[in-house]
Amino acid sequence: MPATATAVPDGRVALVTGAGRGIGRATALALARAGAHVVVNYHTSIDGAEATVREITGLGRRAIAVHADVADSAHVTSMVETVLRQMGRIDSLVNNAGTASRIATTDLTEAEWDRVVDVNLKGAFLCVRAVLPTMMAQRWGRIINISSIAGQTGGRLGAHYAAAKAGLLGLTKFLARELAPWGVTVNAVAPSGIPTDLLSQSGVDPAVLAQRPVGRAGTPEEVAAAVCFLASEAAAYITGQTISLNGGLWMG
């Protein structure tokens, strides 16, 4: 494909977690359009994952759907082994899989805290740990963590979600410094105001999403565009950073 500022080096393989719907699906498709072969991870959205794979292969790129609960270390190990066996390599990891619930701290149970933190934060760590041997051996890699404005401002959903998303930002910075000598960059994207099933299921009023300086909600495709840039050669000198996509709601 013609070289562009956000083109992914030809033949690279990207693993996108939670790619059966929403931001993950848009990201998987955008990476394929940018030149990557894509692994579509899913936990419950099998129909969406398979549809995403069909669309990617229709673009002339290789794609497979792999089931895994990212909060389960055995699942993650098996997923990465499957990817390496079927695709031969892993060049980019997009930690997008997430879950949320809108709840007051006084009503927040330990079990719900663990569920949200395990998927959003521990899941990212487990996936990073599993792909690092490959990335370090090839001395090239891109890790992009999908955080949230909640990790920057606290947000509206709950203490568990805010803590997990803030934890992702800290994880991003540590890994960026640790992995820079191996040619692996680590960055985060912090969206807000993106209409997804996750937000609607958490009881967020869609009208709230447009209440920001730009006067509208964002789109999953706009988040995906930022991910594609961070996965490209053009972003080789960017690491440990957070791109905030929030329509001007928070300017940090």
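Predicted model: local features only at pLDDT ≥ 70, side-chain atom pairs only at ≥ 80, totals over all residues.
1. Overall architecture. The protein has 8 helices and 7 strands. Its radius of gyration is 17 Å, close to the 18 Å that the globule rule gives for 252 residues, so the protein is as compact as a globular protein of that length. Along the principal axes, the C-alpha trace spans about 45 × 40 × 40 Å.

2. Of the 252 residues, 52% count as buried. When contacts between residues at least 6 apart in sequence are considered, 74% of them join residues at least 24 apart.

3. Helix α3, geometry and ends. Helix α3 covers residues 73–87, which is 15 residues, and reaches 21 Å from its first C-alpha to its last, close to the 21 Å expected at 1.5 Å a residue. At the start of α3, a side-chain oxygen of aspartate 72 comes to within 2.9 Å of the backbone nitrogen of alanine 74. At the other end, α3 is followed by glycine 88, whose phi is positive, near 90°.

4. Helix α3, buried face. The buried residues of this helix are Val76, Met79, Val80, Thr82, Val83 and Met87. They cover an arc of only 160° around the axis, which puts them on the same side of α3. The elements against which these buried residues pack are the strands β1 (13–16), β2 (37–42) and β3 (63–67), together with helix α4 (110–138).

5. Helix α8. Residues 220–231 form helix α8, whose 12 residues reach 17 Å from the first C-alpha to the last, close to the 16 Å expected at 1.5 Å a residue. Its buried residues are Pro220, Val223, Ala224, Ala226, Val227, Cys228, Leu230 and Ala231. What covers them includes helix α1 (22–34) and the strands β4 (92–95), β5 (141–146), β6 (184–191) and β7 (242–245).

6. Asparagine 120. This residue lies in helix α4, and asparagine 120 is buried, with a relative accessible area of 2%. A polar atom of its side chain lies 2.7 Å from the backbone oxygen of valine 116, and the side chain of asparagine 120 also makes a polar contact with the side chain of lysine 165, at 3.5 Å. Leaving aside residues up to four places away in sequence, asparagine 120 touches Ala97, Gly98, Thr99, Tyr161, Ala164, Lys165 and Leu168.

7. Cysteines. With a disulfide taken as a pair of cysteine sulfur atoms within 2.5 Å, the count comes to 0 disulfides. Cysteine 127 is in no disulfide, and the nearest cysteine sulfur, that of cysteine 228, is 19 Å away. Seen from the other residue, the sulfur of cysteine 228 has its closest cysteine sulfur in cysteine 127, and the 19 Å between them is too far for a bond.

Note on methods:
Residues numbered from 1 in each chain as written. Heavy atoms only, no water. Helix = DSSP H or I, 4+ residues; strand = E, 2+ residues; numbered from the N terminus. Expected span 1.5 Å × (residues − 1). Buried < 20%, exposed > 50% of the residue type's maximum accessible area, 1.4 Å probe, protein only. Arc of directions from axis to C-beta. Contact = heavy atoms within 4.5 Å. Polar contact = N/O pair within 3.5 Å; in protein donor to acceptor, adjacent residues only side chain to side chain. Rg over C-alpha atoms; globule rule 2.2 N^0.38 Å.
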